[in-house]
Amino acid sequence: MARVSKAKGGGDVGFNMTPMIDIIFNLVIFFMLISQFQQLEIEDVVLPEAERAKVMDYSEYRNIVINIIKGKTSSLDAVVKVMGQEYDVHKPYIRPDGAKTMGGELTAYLVDAASKGDKANLNVILRADADVPYDDVACVMLAAGAAGIERWWITTKIPESEQK
Amino acid sequence: MRSTSRKRENVKLQPPMTPMIDCIFQLLIFFMLMPSFQSHEGYLTTNLPRDQGPNPTTQTNMERLKIELLDEGNEGEGVSIVLNDTQSLGDNFEGLRAALEGYRAQGLQPTHPILISPTMAVRHKFVVRAFDAAVTARFTSIHFAVPR
């Protein structure tokens with residue numbers, strides 16, 4: 001009996017740190033991945049390459065990421081997606097003064113976004129597939145222009161030769 | 001009794017492998033995922049015209065350098081470049097860059113406006129390459145023609 005009580009009482013009491021570190025690592029990796037994809041609502045597109053593209057800090061702006069995804073059967077069937085929602089940019093948009101412009105519901109979305117805060121701080125980040133026709137890009141440009149957004153960033157892939 | 005104490009000593013000498021393997025796995029996963037966080041994406045930036053509505057602001061037409069991109073082949077697989085309505089460059093974007101650098105060498109200011117005017121079927125990658133060529137030639141005022 002004496003031996004048993006000694007063994008029980010004599011052991012070091014302490015936290016087991018290993019599982020705690022395990023879980024912390026897992027959580028860090030999980031939240032880094034989630035934030036990476038949630039931050040900009042990006043879609044999987046093959047970006048065009050540009051040697052002069054710069055890595056820039058977009059955090060100071062109110063960003064709207066507009067994805068233009070290549071069609072499944074033809075490059076002409078491109079899909080415009082913002083925050084996971086599809087927009088038909090080839091439909092006309094009727095402005096409050098009755099005039100028509102392009103961009104359809106996307107123009108309405110951008111006009112609404114512009115009215116909700118500092119318009120000058122709005123930044124459109126275009127993520128268009130390399131093979132989509134200019135037609136779709138131009139419609140998105142018109143929609144952004146009609147909403148009074150001036151800042152326009154085109155996302156490109158930096159070629160391996162230019163990566164540091 | 002002697003043999004028991006020897007056995008105990010032997011057991012104590014082995015380091016605990018399970019937490020070590022745990023941590024090594026964690027580090028392995030972490031360093032495998034790290035490269036995906038390093039961004040290989042960049043941005044080409046420009047400004048849209050102030051008003052693209054039905055009453056667009058009239059722009060001063062101060063002899064803009066015009067880069068026309070004409071679609072070629074099936075669904076715009078190819079492209080043909082025409083610089084300033086006169087100089088046909090085929091699909092040679094290096095030639096376009098050299099021509100634009102030539103204009104700069106002749107004394108054209110970096111702020112001199114450049115208008116990229118693609119046809120509707122031209123693929124986005126060609127538009128970006130023309131933009132990239134203009135940026136490489138250190139032009140800063142680059143605009144896009146859009147249909148009205």
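Mentor: Welcome! Let's start with strand pairing: two strands pair if DSSP finds at least two bridges between them. Strands (E, at least two residues) and helices (H or I, at least four) are DSSP runs numbered from the N terminus. This is a predicted model, where local features need pLDDT of at least 70 and side-chain atom pairs count only at pLDDT 80 or more, while totals for chains, interfaces and linings use all residues. Residues are numbered from 1 along each chain as its sequence is written, and chains are lettered from A in the order in which they are written.

Trainee: In which sense do β7 of chain A and β1(B) pair?

Mentor: Antiparallel, over seven bridges, with β7 of chain A covering residues 151–157. Along β1(B), Thr155(A) stands opposite Tyr43(B), and Lys157(A) has Glu41(B) as its bridge partner.

Trainee: What is the strand order of the open sheet?

Mentor: Its six strands run β3(A)-β2(A)-β1(A)-β6(A)-β7(A)-β1(B), with mixed pairing. At the edges, β3 (85–87) of chain A and β1 of chain B each pair on one side only.

Trainee: How many residues of each chain are in contact?

Mentor: Contact means that C-beta atoms, placed from the backbone, lie within 7 Å. Here 41 residues of chain B are in contact with 49 residues of chain A. On the chain B side, α2 (17–37), β1 (41–47) and α4 (124–136) each supply at least two residues. The largest share, eight residues, comes from α2(B).

Trainee: Which strands does α4(B) touch as it packs on the sheet?

Mentor: β6 (122–128) and β7 of chain A, together with β1 of chain B. Enjoy tracing them!

Notes: Contact = placed C-beta atoms within 7 Å. Axes fitted to C-alpha atoms, helices over the stretch in contact; angles between N-to-C directions.
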